[in-house]
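Biologist: I have a chain open here and I'm new to it. Can you walk me through what is in the picture?

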Amino acid sequence: MIFNAICRSRAAFGAFVGQAQRSALSAAGWRNLCSKPHDASVPTQAGFKTPGYSPSDMDKRILVWSGRFKSKEQIPELVSFEMIDAARNRLRVKACYVMIVLTIGGCIWMVVLGKQAVNRHDNLTSRNMEKKARLREEAQKELDVAASLIEKKPQ
């Protein structure tokens with residue numbers, strides 16, 4: 001019961017403080033604090049720029065690669081943002097198609113190499129067995145050399 005009274009009083013106090021702040025900083029009061037006298041002698045600028053974008057060299061290459069223009073000389077000085085964005089998207093899709101084709105080509109190449117290895121009876125198990133046999137032979141030769149050195153050593 002005491003906890004509920006404390007929580008209600010805390011919420012009521014927060015609401016009171018918030019309301020006091022809102023009334024102190026009402027729209028009219030806030031504007032009066034920051035307003036400056038309007039000087040008619042200062043020319044005002046337009047609130048917008050001419051729609052367009054001056055493309056960089058890379059943007060020009062993208063526009064040519066995407067097929068929008070035939071050459072860099074045909075590209076105007078100002079190009080819309082939508083045209084640049086569409087050209088980038090088209091180039092991105094072409095790059096994805098190239099990666100898809102390369103992936104499929106790589107898979108087909110691996111299948112061909114695997115079938116050739118089967119025809120040669122070459123697999124990982126036989127390779128590992130040959131490697132272990134070669135290592136055993138080398139270890140045995142080293143042991144034989146060490147044993148012969150011990151026998152020839154005069155005492």
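This is a predicted model: local features need pLDDT of at least 70, side-chain atom pairs count only at pLDDT 80 or more; totals for chains, interfaces and linings use all residues.

Biologist: Got it. What does the secondary structure of the chain come to?

Modeller: Five helices and zero strands. From the N terminus on, the order is α-α-α-α-α.

Biologist: And how much of the chain counts as buried?

Modeller: Of its 155 residues, 9% are buried. The accessible surface is about 14,300 Å², and carbon and sulfur atoms account for 62% of that.

Biologist: Which residues make up the largest nonpolar core?

Modeller: There are eight of them: Ile 62, Leu 63, Phe 69, Ile 75, Val 79, Met 83, Ile 84 and Ala 87. Two elements, α3 (57-65) and α4 (81-119), each give two or more residues to this core. The largest share, three residues, comes from α4.

Biologist: Let's pick one of those. What does Met 83 touch, apart from residues up to four places away in sequence?

Modeller: Leu 63, Arg 68 and Phe 69.

Biologist: Tell me about α4 then. How far does it reach?

Modeller: The helix α4 has 39 residues and spans 57 Å from first C-alpha to last, close to the 57 Å expected at 1.5 Å a residue. Its buried residues are Met 83, Ile 84, Ala 87 and Ala 117. They pack against α3.

Biologist: Okay, and what follows α4?

Modeller: His 121, which has a positive phi near 60°. The residue sits in the loop between α4 and α5 (124-152).

Biologist: Why point that out?

Modeller: Most residues other than glycine have a negative phi. His 121 is not a glycine, yet its phi is positive, at about 60°.

Biologist: Is His 121 buried or exposed?

Modeller: Exposed, because its relative accessibility is 69% and the cut-off for exposed is over 50%.

Biologist: Switching topic: where is Asp 59, and is it buried or exposed?

Modeller: Asp 59 is in helix α3. With a relative accessibility of 4%, Asp 59 counts as buried, since buried means under 20%.

Biologist: What does the side chain of Asp 59 make a polar contact with?

Modeller: With the side chain of Tyr 53, at 3.0 Å. Setting aside neighbours within four places in sequence, Asp 59 is in contact with Tyr 53, Ile 84 and Arg 88.

Biologist: Last one: where is Ser 66 found?

Modeller: In the loop between α3 and α4. Ser 66 counts as buried at 5% relative accessibility. A polar atom of its side chain lies 3.1 Å from the backbone oxygen of Leu 63.

Biologist: And which residues is Ser 66 in contact with, leaving aside neighbours within four places in sequence?

Modeller: Ala 87, Arg 90 and Lys 94.

Key:
Residues are numbered from 1 along each chain as its sequence is written. Side-chain values use heavy atoms; hydrogens and water are left out. A nonpolar core is a set of buried Ala, Val, Leu, Ile, Met, Phe, Trp, Tyr and Cys residues joined through side-chain atoms within 4.5 Å. Buried means under 20% relative accessible area, exposed over 50%, partly exposed in between (1.4 Å probe, protein chains only). Helices (H or I, at least four residues) and strands (E, at least two) are DSSP runs, numbered from the N terminus. Contact means heavy atoms within 4.5 Å. Accessible areas come from the Shrake-Rupley method with a 1.4 Å probe; for residues, only the protein chains shown count as cover. The expected span of a helix is 1.5 Å times one less than its number of residues. A polar contact is a pair of N or O atoms within 3.5 Å; within protein, one must be able to donate a hydrogen and the other to accept it, and residues adjacent in sequence count only if both atoms are side-chain atoms.
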